[in-house]
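Biologist: I'm new to this one. Can you walk me through it?

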Amino acid sequence: MPKVPGISKPAKASSRPVAMKPLHLPESVKPTEKSKLRIRWTYSLSILGVHALALLAISPWFFSWAGVVACVLGVYVFGTLGINVCFHRLLTHRSFACSTAMERGLALIGVCSLQEGPGRWVAIHRQHHQHSDERPDPHSPLVAFFWGHIGWLLVTNDQTDTMQLYHRYAQDLMKQRFYMNLERRLNWLWVYIAHAVLFALVALLVGYGVWRDWSGAAQFAASVVVWGVLLRTVLVWHITWSVNSLSHLFGYQSHDTGENSRNNWLVALISNGEGWHNNHHADPRCAAHGHKWYELDVSYISIVVMEKLGLAKRVMRPGRR
Ligand SMILES: [Zn+2]
Ligand SMILES: [Zn+2]
């Protein structure tokens, strides 16, 4: 078994843009035989349910400016810091180092994005890097856009639904009791539920403190949960999923990485830097995904700020030896 953690495979970097390859649906990328695909009903209905509840945001009864602020800030805190900086660049690729307390605090923030536990997230992403756009890739959009975006989450997959996945790709995390416990008995889900309840309670108390009226406070708390938890969760889901789907279909290639990863400015903009995905595949351990001056990478800027504050060290930079 080749060395996996960090996925530091050498990349053929090129300063010249690589010509766009025509899209195709090679037999080799199909995830598994059709007869083995079964819908994960509980999981699928849960994703659908959270989307349906997030739609409550269009009702004026659930609107508050505090909810909007909680949503916008939440996309940065839980999506950018929790998923991009922690789950992706820290835990999966070890693009920088920090204290154990900081790492675990960020990991818990990432869990509040409802993308399962860090162990499974890291294992699936490392598998994606090792087999990008080939049959073992869990979510190549070369199968179909819908498959790469969300479809792969809705069905069973013999290659990702086993303990073998953790064994192969996330042993470094699984040997730590903290990460093992998060994977066990859906504990990651309980953390998510606990943070949603905390949002509701704090908003309820703040609302009562301001208006001295429990029904008004309850409406305020409902708006904060709908906007600041449910809608934010759905937005961060689609941002993360867009990196898997859009950034393997549309955009430019600066590096010949041998698969279909792309630098996609739209995904980079909404994901705070994760859309510079071809750069990332070329140098997976690099903390910076934007390699050119115009490739804005807010997640990397956040890591540099953490470094300046003494919270991050050994930041992997482009062009390092
Ligand atoms: Zn990729
Ligand atoms: Zn990656």
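Predicted model: local features only at pLDDT ≥ 70, side-chain atom pairs only at ≥ 80, totals over all residues.

Biologist: Which residues are the protein donors of the zinc ion (ligand 1)?

Modeller: His128, His248, His277 and His281, each through NE2. They lie 2.0 to 2.1 Å from the zinc ion (ligand 1). Donors are N, O and S atoms within 2.8 Å of the metal (3.2 Å for Na, K and Ca); water is not among the atoms, so sites may look incomplete.

Biologist: How are the donor residues of the zinc ion (ligand 1) spaced in sequence?

Modeller: The pattern is H-x119-H-x28-H-x3-H. Take His248 and His277: they are 29 residues apart and link distant parts of the chain. His248 is in the loop between helix H10 (214–245) and strand E2 (253–256), and His277 is in helix H12 (residues 277–282). Helices (H or I, at least four residues) and strands (E, at least two) are DSSP runs, numbered from the N terminus.

Biologist: Are His248 and His277 buried or exposed?

Modeller: Both are buried. Buried means under 20% relative accessible area, exposed over 50%, partly exposed in between (1.4 Å probe, protein chains only).

Biologist: New topic. How many aromatic pairs are there?

Modeller: The count is 11. One of them is Phe63 with Trp65, edge-to-face, 5.1 Å centre to centre and 85° between the planes. Rings of Phe, Tyr and Trp (its six-membered ring) pair if their centres lie within 6.5 Å; planes under 30 degrees apart count as stacked, over 60 as edge-to-face and the rest as tilted.

Biologist: What about the accessibility of Phe63 and Trp65?

Modeller: Phe63 is partly exposed at 36%. Trp65 is exposed at 64%. Ring pairs also link Phe63 and Trp65 with Trp227 in a cluster.

Biologist: And the core? Which residues touch the most other members?

Modeller: The largest nonpolar core has 61 residues, and Cys86, Phe87, Leu91, Phe96, Trp227 and Trp237 touch the most other members. Such a core is a set of buried Ala, Val, Leu, Ile, Met, Phe, Trp, Tyr and Cys residues joined through side-chain atoms within 4.5 Å.

Definitions and conventions. Residues numbered from 1 in each chain as written. Chains lettered and ligands numbered in written order. Heavy atoms only, no water.
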